[in-house]
Amino acid sequence: MKVRPTGVIPPMTTPFRENGEIDTQLVAPQVEWMIAAGAHGVAAGGSTGEGHTLDHEEYRDLVAATVEAVKGRIPVIAGIIVDSTRDAIRRGKLVRDMNVAALQVTPVHYLFKPHEDAMVAHFRAMADETGMPIIIYNVVPWSYLSPALLTRIMTEVPLVVGVKQSAGDLKLFADLMMMAPDKLIYSAVDALMYPSYTLGAHGSIAAILTAAPHASVELWNAVKAGDHPRALELHKKLLTLWNAIIADNLPACTRYAQTLQGLQKTWPRAPMPEASLTQAAAIRKALEGLGVLPGGQRFQAAE
């Protein structure tokens with residue numbers, strides 16, 4: 001890899017207009033907000049960005065807009081959420097000539113799960129055809145990869161450089177950290193960032209970072225500085241926010257949290273609904289607890 005991305009890497013929301021079209025001009029303000037918060041990288045086209053809804057042209061344009069806005073200041077990771085090896089390769093080739101640090105790729109997520117040899121072959125073909133570093137986004141419940149299989153893939157396919165480990169089982173996360181100590185292991189265990197960092201996570205790529213980047217960076221820094229009382233305090237406040245946004249419309253709730261902090265309003269892509277009134281009230285209260293709302297916040301909101 002040209003760079004080994006570590007630290008807090010928020011997966012950005014995709015700025016959809018109310019009619020469902022992407023407003024690429026709103027990518028740059030979100031990038032600037034993340035960088036101002038201290039983010040160590042950004043991801044585009046992931047699940048928080050509703051990447052599964054993007055066609056090839058939209059995907060290419062979104063990643064290009066993100067890379068252009070970043071201007072080489074922090075690494076950019078491009079998410080790929082598709083159901084075939086062919087499509088995954090096509091999307092990887094669309095962005096491989098951009099300044100992208102790595103591809104973040106989910107296992108295929110249709111109903112029928114490929115067996116282990118097929119899963120290895122899927123990532124090997126992606127690596128061979130794109131020539132790009134790959135981070136496995138281990139998130140699909142019915143296609144969830146064990147630490148043993150993840151380690152096998154990373155061993156047999158050197159361009160698979162790491163894993164973004166999701167779900168709430170810290171035992172699996174700890175096992176993976178021990179079994180693949182030389183690889184990049186990112187936490188997507190949104191409710192448990194603090195213990196993930198203390199276990200040695202190389203960073204995080206998760207929706208909670210996108211909803212509250214300032215506090216998320218402060219949590220990372222607190223753990224690195226050994227300030228565990230402050231880290232625990234931030235963990236509790238971020239957990240309150242996570243409990244407010246975790247739902248089937250998580251991307252919509254995440255973008256609502258961003259809007260409250262100063263980013264221009266955007267919409268989820270249909271049929272995903274916007275945050276409900278109940279969700280909105282809980283999100284606002286949690287952000288007030290973090291002290292990040294305009295008009296008395298501790299952190300600088302986007303303009």
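Biologist: At what angle do helix α11 and helix α12 pack, and how far apart are their axes?

Modeller: This is a predicted model: local features need pLDDT of at least 70, side-chain atom pairs count only at pLDDT 80 or more, and totals for chains, interfaces and linings use all residues. Residues are numbered from 1 along each chain as its sequence is written, and side-chain values use heavy atoms, without hydrogens and water. α11 (residues 250–260) and α12 (residues 277–290) pack at about 50 degrees, axes 10 Å apart. Axes are lines fitted to C-alpha atoms, for helices over the stretch in contact; angles run from 0 to 180 degrees between N-to-C directions. Helices are DSSP runs (H or I, at least four residues), strands likewise (E, at least two), numbered from the N terminus.

Biologist: Why are α11 and α12 called oblique?

Modeller: Under 35 degrees is roughly parallel, over 145 roughly antiparallel, 65 to 115 roughly perpendicular, the rest oblique. The angle is about 50 degrees, therefore α11 and α12 are oblique to each other.

Biologist: Which residues make the contact?

Modeller: Contact means heavy atoms within 4.5 Å. α11 gives Cys253, Tyr256, Ala257 and Leu260; α12 gives Gln279, Ala280, Ile283, Arg284 and Leu287.

Biologist: What makes β1 and β2 edge strands?

Modeller: The open sheet has eight strands, ordered β1-β8-β7-β6-β5-β4-β3-β2, with parallel pairing. β1 (7–8) and β2 (42–44) each have a single partner strand, so one side of each lacks a neighbour in the sheet.

Biologist: How do you know that β2 pairs with β3?

Modeller: Pairing takes at least two DSSP bridges between two strands. Three bridges join β2 to β3 (residues 76–80), so they pair. Ala44 has Ala78 of β3 as its bridge partner.
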